[in-house]
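I opened my notebook to look up a few things in this structure. Here is what I wrote down, entry by entry.

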Amino acid sequence: MDAIESLQNALPTYVNVFIAVFRYAAPILALLILCRAAGPLLRFRREPEIWAWLCMPEGKKVAITHWENVIGRDKNSDVVIDLATVSRSHAVLTRYDDGSWSISDVDNSGGVQVNGKKVSVRALKKSDVITIGGLDMTLEPISRQQEKHLAKLRTKASSYPASFANLLLLSIFQVLSCIGFIMTGAKENAQSYLMGYGIILISQWALFLFYIFIRRPAFEVETIAFFLCSMGMAAICAAAPEDAIKQSISMALGIGIFLAVGWALRDLERAKKIRYLAAVGGIGLLLATLAFGKTIDGAKNWIIIGGMSIQPSELSKLCFVFVGASTLDLIMTKRNLFLFIGYSLMVCGCLALMSDFGAALIFFCAFLVIAYMRSGSVGTVTLAITSLVFAGIVILKFAPHALHRFANWRHIWEDPTDGGYQQTQALMRMASGGLVGLGLNQGWRGYPILPAPTSDAIIATIGEEWGLVMVVLLVLSIVALALFSVRCSRMGRSSFYTIGSCTASTILVVQVILNALGTVDVVPYTGVTFPFLSNGGSSMLCVWGLLAFIKAADTRQNASFAVRLLRKRGGEPDE
């Protein structure tokens with residue numbers, strides 16, 4: 001601590017120079033970090049991967065380009081069979097991690113036969129004859145040699161040196177930020193600054209070393225997440241340094257959930273079983289909140305345990321994504337479709353009773369994405385009607401505080417000392433920061449006070465000290481993750497990964513829209529947190545769990561720990 005005190009005692013000499021230089025260098029360094037991390041995510045090629053051939057009569061072969069393929073008469077099917085005896089969505093052809101295949105009957109009116117026997121689900125062998133609507137066909141999987149060749153053609157993940165360089169740049173950014181806070185902050189907060197940034201530094205390098213151990217060089221998604229966490233720590237160090245250690249510990253726990261969810265997604269059969277546990281857990285968390293929750297700011301969405309506050313609705317988001325994601329053979333089943341609708345209505349009812357408007361809107365948007373991606377010819381109308389019911393219940397159950405916020409929307413300057421106080425203060429602080437900000441710890445700390453400077457209004461704190469450029473980069477970080485999910489969905493191996501990734505990124509984007517645009521009065525203010533950025537343990541655990549779904553959808557070579565490496569067969573080396 002003597003070295004820290006010596007550094008702080010030298011403030012009159014160095015602090016002004018440091019603030020002047022770093023306030024311009026910080027956005028440049030942040031832009032470099034974001035470009036290097038997001039670039040590979042947005043530029044990777046999306047070549048179709050051929051995993052097998054479906055051999056039709058007269059020698060015709062149809063390429064199978066996914067691990068899950070719908071066979072039917074519908075023009076949007078993966079394998080289109082234009083026969084009156086074939087249903088619109090007739091069967092699902094599925095590949096597994098070990099290279100085996102199965103076929104599932106999803107329309108009992110026509111049926112699926114294998115070697116002349118009607119089946120509901122059947123593992124396939126190369127010589128098996130599949131009969132659909134009276135048409136015979138056989139499956140010809142690619143050989144081991146072809147699979148190895150396909151792996152070589154697949155877009156490679158970033159190299160270890162590139163990931164190391166990205167992480168090194170981020171570490172330099174974090175160290176300079178920490179030094180800046182030590183130089184400009186109170187002496188009694190120096191330990192909080194060191195511990196807050198120190199835990200982030202240790203966590204990110206430990207995770208990178210773990211990736212090296214499991215031979216996964218891609219670290220772009222994680223770099224973006226750690227960058228956001230670092231900027232959140234900057235806001236906390238400026239406005240609430242006493243929370244720095246708690247927030248960094250929450251981040252470390254979130255990484256544990258990230259790895260646990262990734263492990264669960266590594267095996268689809270295991271993931272499908274966990275879906276049912278997630279369904280029970282998600283509803284259980286909301287019911288526990290209704291029974292034991294405490295009302296804060298008009299919403300009953302907190303549980304207080306021994307002085308520690310937990311927001312169960314945040315963790316329920318993770319459960320909801322698990323439940324909503326599904327494999328094609330289950331999506332085509334009416335029973336599974338109606339079960340998901342019922343589950344969504346239960347979640348809606350709980351949130352309505354809790355008067356948690358912000359969370360309800362996020363769940364509703366997530367539901368719409370899942371409904372769009374899961375709806376086939378059977379359930380399109382039903383899902384649309386359910387969406388209207390979902391929205392209607394939320395509107396009818398608006399809490400008084402939510403209605404008050406809607407009343408103030410676009411009228412905050414008419415009542416800047418009461419209804420529009422938080423947003424007017426946020427806008428004035430962001431305006432004072434300009435493009436590059438006032439500098440570390442140079443924001444206004446006296447009266448009038450900015451409410452929720454590290455959670456609901458965190459972009460105002462960052463905008464004041466780091467500038468508008470940094471705020472835009474933070475928003476673009478989440479946008480990059482969302483665009484990556486969309487790009488991956490085109491080549492997704494399983495609908496489980498595709499739906500999970502797109503839903504997770506939708507939740508992140510909607511939270512950014514509600515938080516950032518709500519703070520500047522473009523949309524009604526809902527009090528929703530900014531992913532990875534806002535202060536809050538429950539939110540941090542949730543967003544790292546959601547990140548695992550985005551990571552699992554990455555099909556680049558050796559990129560995702562949720563995708564197994566090629567195994568040795570017959571003495572051949574792994575790829």
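Entry 1: I began with helix H7, residues 244–265. At 1.5 Å a residue, its 22 residues should span 32 Å, and the end C-alpha atoms are 32 Å apart, so the two values agree. I kept in mind that this is a predicted model.

Next I asked which residues of H7 are buried. The list includes Ala 244, Gln 247, Met 251, Ile 255, Phe 258 and Leu 265. The buried residues of H7 pack against helices H5, H6, H8, H9, H18 and H19.

**Entry 2: salt bridges.** How many salt bridges does the structure hold? I found 4.

One of them joins the side chains of Lys 61 and Glu 140, at 3.4 Å from N to O. Lys 61 lies in strand S2 and Glu 140 in strand S11, so this pair ties together parts that are 79 residues apart in sequence. Lys 61 is partly exposed at 45% relative accessibility, and Glu 140 is partly exposed at 26%.

Then I looked at Lys 317 and Glu 314, whose side chains meet in a salt bridge at 3.2 Å, N to O. They are 3 residues apart in helix H9, which means about one helical turn separates them.

Asp 243 is buried, with a relative accessible area of 19%.

**Entry 3: a surface patch.** Last, I found a nonpolar patch on the surface, with about 610 Å² of accessible area together. Its largest share, 6 residues, comes from helix H17. Val 472, one of the patch residues, sits in H17 and counts as partly exposed at 42% relative accessibility.

Definitions and conventions. Residues numbered from 1 in each chain as written. Predicted model: local features only at pLDDT ≥ 70, side-chain atom pairs only at ≥ 80, totals over all residues. Heavy atoms only, no water. Helix = DSSP H or I, 4+ residues; strand = E, 2+ residues; numbered from the N terminus. Expected span 1.5 Å × (residues − 1). Buried < 20%, exposed > 50% of the residue type's maximum accessible area, 1.4 Å probe, protein only. Contact = heavy atoms within 4.5 Å. Patch = residues over 30% accessible without salt bridge, like charges linked within 9 Å, V, L, I, M, F, W, Y side chains within 5 Å. Areas by Shrake-Rupley, 256 points an atom, 1.4 Å probe, with all protein chains shown as cover.
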